[in-house]
Amino acid sequence: MKNSAPASLVPVGTRVPPRWRKEVERVLITEQQIARRIHAMSRDIERDFRGRETVVVSLLNGTVMFLADLIRHLSLPLRLDFIGVSSYGAGTESGELVFTKELRLDMRGRDVLLVDDILDTGRTLSRVIPKLRALKPRRIKMVVLLDKPERRVEKVEADYVGFTIPNVFVVGYGLDYAEKYRNLPFVGVLKPEIYQR
Ligand code: PRP
C-alpha cells in the first residue's frame with residue numbers, strides 16, 4: 001500500500017536553526033512531522049507483515065536515522081541486515097553505483113522490508129532489488145522516507161512512502177551532500193550556492 005503525506009505543510013514560523021542558516025535555505029519537513037509520519041507508516045507495515053519473520057534490509061549510509069526511528073515502532077520478529085551501495089563521487093547526480101557492503105543474513109522464504117531514505121532516479125533500488133530477489137525471499141516490500149517522482153529514470157515504486165517531495169536538493173535526517181548534513185534532525189533544502197560552487 002502506498003502512502004503519502006503533504007510535505008509542504010511546515011508549521012508557520014518554522015525556521016532553520018541559526019547554526020545551519022548559512023547553508024540551509026528552509027525546513028522542508030520538521031522533526032515532529034517526520035516522527036508522526038514514521039509512526040503511522042510503522043502501523044501500516046505491521047498490519048501488512050502480520051507478525052511474520054522479517055528481515056529488514058537497510059541501505060547504508062543515508063538510512064541511519066530513519067531506520068532507527070522506524071524499527072523501534074515495529075513489533076515484528078525481525079532481523080536486521082545492511083547493504084552498502086553508494087553512487088560514486090560527491091556530487092548531486094547519481095553516478096556509477098558501487099557495492100560497499102554485502103548482505104549476510106539468509107533471506108530464503110522470509111519477508112523482506114527494504115529500507116531507503118530517498119527514492120530519486122530509482123537507479124539504486126533497481127540494482128539492489130534483483131540482488132535481493134536472487135536470495136529467494138518470500139516477498140520484498142520497500143519503504144522510503146522520501147520520494148521524488150519527478151526525477152525517476154527507472155521504473156521503481158516504493159510500497160510505503162513517508163513524503164512525496166518536489167525536485168529540490170534535500171539534506172538532513174540521514175541525507176547528505178558530500179557526506180555532510182546527515183546529523184540535521186529535520187529535512188531541509190540546501191542552498192544552491194553550496195552545491196553549485
Ligand atoms: C542516496 C540515497 C539513496 C539513493 C537514491 O544514496 O541514500 O540510496 O541515493 O538515489 P537514486 O534513486 O537516484 O538511486 P547515496 O548513493 O548518495 O549514498 P548514501 O546513502 O551513503 O548517502
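This is a predicted model: local features need pLDDT of at least 70, side-chain atom pairs count only at pLDDT 80 or more; totals for chains, interfaces and linings use all residues.

Q: Which residues come nearest to the ligand?

A: There are 16 residues around the ligand, and the nearest are Asp116, Asp117, Thr121, Gly122 and Thr124.

Q: What does Asp116 do there, in terms of distance?

A: A side-chain N or O atom of Asp116 sits 2.8 Å from an oxygen atom of the ligand.

Q: And which backbone atoms are listed with ligand oxygens?

A: A polar backbone atom of Gly62 is 3.0 Å from a ligand oxygen. For Arg123, a backbone N or O atom is 3.5 Å from an oxygen atom of the ligand.

Q: How much of the ligand does the protein bury?

A: The protein buries 91% of the 490 Å² that the ligand exposes when taken alone.

Q: Which elements give two or more residues to that shell?

A: Those are β3 (78-87), β5 (111-119) and α3 (123-133). The biggest contribution is from β5, with 3 residues.

Q: What is the shell like by residue class?

A: It has 8 polar, 6 charged and 2 nonpolar residues.

Q: OK, fold next. What is the strand order in the sheet of 6 strands?

A: The order is β4-β3-β2-β5-β6-β7. That sheet is open and its pairing is mixed.

Q: Which strands are at the edges?

A: β4 (97-101) and β7 (160-164), each of which pairs on one side only. From one strand to the next, the twist averages 25°.

Q: Zoom in on β2 and β3. Parallel or antiparallel?

A: Parallel: strand β2, residues 54-60, pairs with β3 over 7 bridges. One example is Val56, whose bridge partner in β3 is Leu80.

Q: Which strands does helix α1 touch?

A: Helix α1 (residues 31-49) packs on the sheet and touches β2, β5, β6 (139-147) and β7. Its direction makes about 160° with that of β7.

Q: And helix α2? Which strands does that one touch?

A: Helix α2, residues 64-71, also packs on the sheet, in contact with β2, β3, β5 and β6. The angle between the directions of α2 and β5 is about 135°.

Q: There is also a sheet of 3 strands. What is its order?

A: That open sheet runs β1-β9-β8, with antiparallel pairing. Its edge strands are β1 (24-29) and β8 (170-171), each pairing on one side only.

Q: How many bridges join β8 to β9?

A: There are 2 bridges between β8 and strand β9 (residues 187-190). Val170 has Val189 as its bridge partner in β9.

Q: Switching to the backbone: where is the cis peptide bond?

A: The bond from Leu60 to Asn61 is cis, with omega near 0°. Asn61 is in the loop between β2 and α2.

Q: Which residue has a positive phi although it is not a glycine?

A: Ala178, with phi of about 50°. Ala178 belongs to the loop between β8 and β9.

Terms used
Residues are numbered from 1 along each chain as its sequence is written. Side-chain values use heavy atoms; hydrogens and water are left out. A residue is near a molecule or strand if one of its heavy atoms lies within 4 Å of it. A polar contact is a pair of N or O atoms within 3.5 Å; within protein, one must be able to donate a hydrogen and the other to accept it, and residues adjacent in sequence count only if both atoms are side-chain atoms. Accessible areas come from the Shrake-Rupley method with a 1.4 Å probe; for residues, only the protein chains shown count as cover. Helices (H or I, at least four residues) and strands (E, at least two) are DSSP runs, numbered from the N terminus. Ala, Val, Leu, Ile, Met, Phe, Trp, Tyr, Cys and Pro count as nonpolar, Asp, Glu, Lys and Arg as charged, and the others, Gly among them, as polar. Two strands pair if DSSP finds at least two bridges between them. Axes are lines fitted to C-alpha atoms, for helices over the stretch in contact, and angles run from 0 to 180 degrees between N-to-C directions. Contact means heavy atoms within 4.5 Å.
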